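Student: I have the sequence and the model open side by side. Can we go through the spaces inside it and then the way the helices pack?

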Amino acid sequence: HRIVKTVFLLAGLGLLAIGLINWLVYRRGRALIRSNEDLLPAPVALVFGAYVAPNGTPSFAVEDRLVTALKLYEKGTVAKLILSGDHGETDYDEVNGMKEYLEDHGVPKNVLFLDHAGFDTYDSLLRARDVFGVEHVILVTQEFHLPRALYIADKLGLKAQGAVADRRNLADLGSLQMREVAARVKAFGEVAWGRNPKYLGDAISLDGEASVTHDKD
């Protein structure tokens, strides 16, 4: 009976910790989301990657982020865009598909900086700060993801706002929201212990040529 009670006690404490961490991360990040019409101008927007098909076609989630970023650029809210995603393998490339989509919609190449090593939210934000020298940024992603992204940005010392990219209902939104429970705990630990990114690399100035980040025409 003592063993059973101990197991239940530990399980209860674990669930309490998960709930508390989720509340802290969500509450802090959610406070930094503005309506897209009320966003203050910033030098750059960071667009988070997700699945892009082998032919370069963005998934619905990524397309909605790109359209949102495009509107921010066209309004003059931001002057440049960092497209951050997974390009860790030669046969999987999120960032060039994102770049091609925006170029096809009239965004000049010299505005588009590619972060090929944005393997997760934490890596994207840490690299934005330490590789691209970002201090003030608008984060572009869906609302379910924004509180965590903004929490990480805040803890990394970035002045960040969140632009909601919910242009349509995602079919797998329920599972994505469930995954956020574990992802918020992971984010809390990453910033608490100062995890190093999978890859850092040399500094890239946003005042320089975006072409230094382009590996394809």
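Student: Which residues line the largest cavity?

Tutor: In this predicted model, the largest cavity is lined by Asp120, Thr121 and Tyr122, then Arg148 and Ile152, and finally Ala183, Lys186, Ala187 and Glu190.

Student: How much space lies in the largest cavity?

Tutor: The largest cavity holds about 40 Å³ of space, and the count of cavities of 30 Å³ or more comes to one.

Student: How does the lining of the cavity divide by class?

Tutor: The lining of the largest cavity has four nonpolar residues, one polar residue and four charged residues.

Student: OK, now the helices around it. At what angle do H4 and H5 cross?

Tutor: The axes of H4, which covers residues 121–130, and H5, which covers residues 146–155, come within 10 Å and cross at roughly 40 degrees. H4 passes H5 in a right-handed crossing.

Student: Which residues make the contact there?

Tutor: On the H4 side the contact is made by Thr121, Tyr122 and Leu125, and on the H5 side by Arg148, Ala149, Ile152 and Ala153. By class, the contact of H4 with H5 has five nonpolar residues, one polar and one charged. Thr121, Tyr122, Arg148 and Ile152 are also among the residues that line the largest cavity.

Student: Then what about H5 against H6, what is the angle there?

Tutor: H5 and H6 pack at an angle of about 5 degrees, and their axes are 10 Å apart, which makes H5 roughly parallel to H6.

Student: Which residues meet across that pair?

Tutor: From H5, Arg148, Tyr151, Ile152 and Lys155 meet Glu180, Ala183, Arg184, Ala187, Phe188 and Val191 of H6. The contact of H5 with H6 divides into six nonpolar residues, no polar ones and four charged ones.

Student: Switching topic: what is the volume of the largest pocket, and how many residues line it?

Tutor: The largest pocket has a volume of about 720 Å³, and its lining consists of 29 residues, of which Gly49, Ala50, Arg65, Arg148 and Arg179 lie nearest its centre. Arg148 is also part of the lining of the largest cavity.

Student: Which helix gives the largest share of the pocket lining?

Tutor: That is H6, with five residues, while H2, H4 and H6 each supply at least two residues of the lining.

Student: How do the residues of the pocket lining divide by class?

Tutor: The lining of the largest pocket has 12 nonpolar, eight polar and nine charged residues.

Student: Since H2 came up, how do H2 and H3 cross?

Tutor: The axes of H2 (residues 60–75) and H3 (residues 95–104) come within 10 Å and cross at roughly 45 degrees, and H2 and H3 are therefore oblique to each other. The crossing of H2 and H3 is right-handed.

Student: Last one: which residues meet in H2 and H3, and how do they divide by class?

Tutor: In H2, Val62, Glu63, Leu66, Val67 and Leu70 meet Met98, Tyr101 and Leu102 in H3. The contact of H2 with H3 has seven nonpolar residues, no polar residues and one charged residue.

Definitions and conventions. Residues are numbered from 1 along each chain as its sequence is written. This is a predicted model: local features need pLDDT of at least 70, side-chain atom pairs count only at pLDDT 80 or more; totals for chains, interfaces and linings use all residues. Side-chain values use heavy atoms; hydrogens and water are left out. Axes are lines fitted to C-alpha atoms, for helices over the stretch in contact, and angles run from 0 to 180 degrees between N-to-C directions. Helices (H or I, at least four residues) and strands (E, at least two) are DSSP runs, numbered from the N terminus. A crossing is left-handed if the near helix is turned anticlockwise from the far one by less than a right angle, and right-handed if clockwise. Contact means heavy atoms within 4.5 Å. Ala, Val, Leu, Ile, Met, Phe, Trp, Tyr, Cys and Pro count as nonpolar, Asp, Glu, Lys and Arg as charged, and the others, Gly among them, as polar. On a 1 Å grid over the protein atoms alone, a cavity is a set of points where a 1.4 Å probe fits but cannot get out, and a pocket is an open set with protein on both sides within 12 Å along at least five of seven lines; lining residues have an atom within 4 Å of a point. Grid points are joined across faces, edges and corners, and a volume is the space filled by probe spheres set on the points. Angles under 35 degrees count as roughly parallel, over 145 as roughly antiparallel, 65 to 115 as roughly perpendicular and the rest as oblique.
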